[in-house]
Amino acid sequence: MGSTRKLWLGLAALLIVSFSILLWAGGEIFRAAPPMPDAVVTQEGKTLYTRADIERGRQVWQSMGGMQLGSIWGHGGYVAPDWSADWLHREATAVLDIWARADGGMASYQALPPETQAALRGRLEASMRRNTFDEATRKIVVDHDRALAMSNVAAHYESLFGNDPATQELREAYAMKEGTVPDAEHRRALTAFFWWTSWAAGTERPREEGDAAAGANGTANKGVTYTNNWPSEPLIGNTPPAPLWTWSVFSALFLIAGIGLLGWYHARTHDNESPVKLPASDPLASLRITPSMRATAKYFWVVLALFLTQILLGAITAHYQVEGQQAYGYALSNVLPYSITRTWHTQLAVLWIAVAWLGTGLYIAPALSGHEPKFQRLGVNFLFVCLLVIVVGAFAGQWLAVMQKLGLANNFWFGHQGWEYADMGRFWQWFLFIGLLLWLTLVGRALWPVLRAPKNETKAIVGLLFLSTVCIGLFFGAALMWGEHTHISEVEYWRWWLVHLWVEGFFEVFATAVMALIFVKLGLVQAKSATTAVLFATIVFMSGGVLGTLHHLYFVGTPTAVVALGASFSALEVVPLAYIGFEAHHTWKLGKSTPWMARYRWPILFFLAVSFWNLVGAGLFGFLINPPLSLYFMQGLNLTPLHGHTALFGVYGMLGIALMLFCMRGLRGQMHWDTRALKTSFWCLNIGLALMALLTLLPLGTMQLLAAIEHGYAYARSAEFMQQPIVDMLIWMRVPGDTIFSVGAIAMAWFVFRLWVAPRPAAELDGVKAPEH
C-alpha cells in the first residue's frame, strides 16, 4: 500500500472518529443543558416569570443585536457588560443589602463589619447556589428576599434599556442608544431572559450518578453550576472547579507531547526530499484565461470594497468605546447604533475573506483542468449577483431589527438573529447556503475532468481541494440546525460548528490545497511530495481541529467529560503552528529559487505573513485563552479579540489577499505591476495589526484579567472599570495602529484600481527581469 493511500485512509478514519465523538459530545451538552422552567414562582406561589416571558425576552435580546451589545455566558461584545454576570452580581448584592437592612440595621452590606459580611456571604452562597427547579412541576421557586432583589434588578434593566435619565450615563458608558428597547413589555420580558441566564450561572446542576456529596474526610464536595461555576463571582463562591485545573495542566502536557512528536516526524522526513529541476520560465505566464476566470475579477473588486467598509465600521465601533453614543459630537447612535456597526464589522470580516476564497476557487478550477464548462461564465456572474443581494438584504434587515422597526415576528427570518458571526436572518442564511452549493457545483464541474482522468501526479491534491470545496458548501448548513426557540446551549454547539469548523477548519484545508497546487503548477515542488505534505498537514490540523471545537463550549451547560475533550484536543490545534517556521522558511526558499519568481514576490510575502500570524495570533494568543482555567477568567475580556484580530485577519485575511494576488497575476499578469503600493500595503497592514494588538488589546486585556481574578468577572466588565482614564488612554492608543492599517488597505485598493483603470503593458511577460521593481 502506497504512502499516499495510507494517508487517505488515515484521514478518513480520523474524520469518522472525530465527528462521531463531536456528535456524542453534542448529545451530552444537550442532556446537561440548564432547564427552561415553565414558571418562576415565589414560596407564596406568586408567578414572577413564565417560560413565555423568557422566550419572548430572548427574542427581544436577539432583535436589539444580541451578542453584539454585551454578551451572554461570555460570548459577544466587550463594551457593554456580560448580562449574565452583571445580573448575577447585582442580584447577589441586592440580596445582601436586603439582609443588611433587616438583620444588621445597616443601610447596605458594605457598611457591615467584616465578620458579619462573611456570615452573610456564606448564607447567600447556600441560598443562590441551591437548585430549586422541580422536574415534576417544571417550576423554579425563589424565596421572598430573592424575589425582591430580582424586582430591584429588573427595574434597573427596564430603566437602562429605555430612555430613563437616571441611567443615561450608564447607557453612554455601554455605547447603548437611547430607547434600545422602546416597548415597556419587551423590556420586562428581556429581564426574564437575563435572569434565567444568570440563574444557570449561579445554580448548581444536579449531581451525576456516582458523584459523592461528601469527601473522604467528611467535608462537603462542592457542586458546580450549569456553566461550570462561570463567571467568577466571589459573593456566591463561583470559583474554578477542580476539573478546570486538572485539564488545563493536561492541556499543556498534550501540547508539549504533540510538539515533540511533530519535531521527531520532521527530523525523520525532511531530508528525504529530492531536488526539483526548476523551469526556465514561469509555467503560468502562458496560462489561457477563460471567460469564467476573467469574470472572477469582480469578486476581488468586491473583496476590497468590503474590506475598506469593514475597516471604517471597525473605526466607528472602536470610537464608541470613547464617546459612547456620539462620534465627535454627532449623535451617531441614533442612525448607526454600536450593535449594528459591530454586527457589520464582524460579518464583513468573514464575508470579504470568504469572497476572496470563493473567487479563488472559481479562478483556479478551470486553470487546473484547462476545461471551461458550458455556461460557466453565466454561473460565475449569477453567483456574484446573488452574493450582492445577500449582503445588502441581510444588512438592511439587521439595521431594521436593531432600530426596532421590523417586529419580533419577522426578526428571526429577515432581521438579526443575535448570534455573533451568525447574525443574518434565517432567510438570508438559506440563500447563502444555496449560493455556496452553486459555488460548489461551479468549482466541481470545472475540476471534474481532472477527477475523472486516469491517475496523474496532481489528482490527489485536486481531490482534496474538491473535498474541501464540498465541505465548505455543506458545513455552512450548521447555521440551519437551530430554530428560533432552540435551547441556547444547543444553539452555541451548532454555532461553533459554523465558526470553528467552517471558517477555521475546511477553509484552512482548501487554502492549503490551493497553495500546494500553485507551487506544483509553477514547477517549484514535486507533485508527490506536495501531495504527501498536504495530506499530512490536513491530518495534523484535523486531529485537533474537529474536537478542538469543544473549547468554545466550556461554559454553556457543558459536562466535565466534554470539558476534558475540549481541553485536550484544543491543545493539539496549536501543535502544527509550533513548526510554522519550517513552512515559512520553505516558502521563502521557493520565492527566491529562480529569477522569474520575482513575479510572485508579494503573494509569497503575504503568505509568509500568514505563517507569522499563524504562530503568533493563532498559536501564542490562541493557546493563551484555550485551556479551561485560562478561558474561565479571560473569556469576553480584551484578550479574546487579541486572539480574534491577529488570527482572523493575520491568518485568513492575509491568506485571502495572497490568493487574490496569485489570481491577479494571471488576470493582469501582462500588465506592469507597480509594486510600491503593494510594499506599502504589506508593511502597513502587518505593522498596523501588531500595534493594535500590542498597544491596546494586550495591555487592556491583561488589566481586565487581573481585575477578574481579584474582584470577579462582573467588575472586569463593568462601567466602573472600563471608564477609568487609563482605559480611555489605551483605547486612544489604537489610533496609530488603526491609521497605519487603513493606509495599507487603501494602498492595496489603489494597486488593484490601477491594474484595471490605468494599466501599462509589461515589457517582459516572463518576469525574469521584473521592471516593476
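Helices here (H or I, at least four residues) and strands (E, at least two) are DSSP runs, numbered from the N terminus. The model you are looking at is predicted, and in it local features need pLDDT of at least 70, side-chain atom pairs count only at pLDDT 80 or more, and totals for chains, interfaces and linings use all residues. Residues are numbered from 1 along each chain as its sequence is written, and side-chain values use heavy atoms, with hydrogens and water left out.

Let's start with helices that pack against each other. Two packed helices are described by the angle between their axes and the distance between the axes. The axes are lines fitted to C-alpha atoms, for helices over the stretch in contact, and the angles run from 0 to 180 degrees between N-to-C directions. Take helix α20 (residues 601-625) and helix α22 (residues 639-667): their axes are 8 Å apart and the packing angle is about 160 degrees. That makes α20 roughly antiparallel to α22, going by a scale on which angles under 35 degrees count as roughly parallel, over 145 as roughly antiparallel, 65 to 115 as roughly perpendicular and the rest as oblique. The crossing of α20 over α22 is left-handed; a crossing gets that name if the near helix is turned anticlockwise from the far one by less than a right angle, and is right-handed if clockwise. And what sort of residues make up the contact of α20 with α22? There are 22 nonpolar and seven polar ones, and no charged. In this sorting, Ala, Val, Leu, Ile, Met, Phe, Trp, Tyr, Cys and Pro count as nonpolar, Asp, Glu, Lys and Arg as charged, and the others, Gly among them, as polar.

Now look at helix α10 (residues 297-323) and helix α12 (residues 376-402), which pack at an angle of about 20 degrees with their axes 10 Å apart. α10 and α12 are therefore roughly parallel to each other. Here, too, you'll find a left-handed crossing, as α10 passes α12. On the α10 side the contact (heavy atoms within 4.5 Å) is made by Lys298, Tyr299 and Val302, and on the α12 side by Val380, Asn381, Leu383, Phe384, Leu387 and Leu388. Sorted by class, that gives seven nonpolar residues, one polar and one charged.

Next come the charged pairs. Side chains of opposite charge can pair when their charged atoms come close. Searching the whole structure turns up 12 salt bridges, where a salt bridge is a side-chain nitrogen of Lys or Arg within 4 Å of a carboxyl oxygen of Asp or Glu. One of them joins the side chains of Asp86 and Arg90 (2.9 Å, N to O). Why are Asp86 and Arg90 separated by about one helical turn? Because they sit four residues apart in helix α3 (residues 83-104). Asp86 counts as buried at 7% relative accessibility, where buried means under 20% relative accessible area, exposed over 50%, and partly exposed in between (1.4 Å probe, protein chains only).

Another salt bridge brings together the side chains of Arg171 and Glu178 (2.9 Å, N to O). Arg171 is buried at 0% relative accessibility, while Glu178 is partly exposed at 28%. Then there's Arg342 with Glu420, whose side chains also meet in a salt bridge (2.9 Å, N to O). This pair links distant parts of the chain, 78 residues apart: Arg342 is in helix α11 (residues 338-369), and Glu420 is in the loop between α13 (408-414) and α14 (426-452). Arg342 is buried at 6% relative accessibility, and Glu420 is buried with 7%.

On to some backbone details. Most residues other than glycine have a negative phi, and most peptide bonds are trans. Trp73 is not a glycine, yet has a positive phi of about 55 degrees. You can find Trp73 in the loop between β3 (71-72) and β4 (75-76), buried at 1% relative accessibility. Gln404 is not a glycine either, and has a positive phi of about 60 degrees. Gln404 lies in the loop between α12 and α13 and is partly exposed at 23%. As for peptide bonds, a cis one joins Trp230 and Pro231, with omega about 5 degrees. Pro231 belongs to the loop between α7 (184-202) and α8 (242-269).

Finish at Ala513, in helix α16 (residues 488-521). Ala513 is buried, at 0% relative accessibility. Leaving aside neighbours within four places in sequence, Ala513 is in contact with Ile461, Leu465 and Val534.
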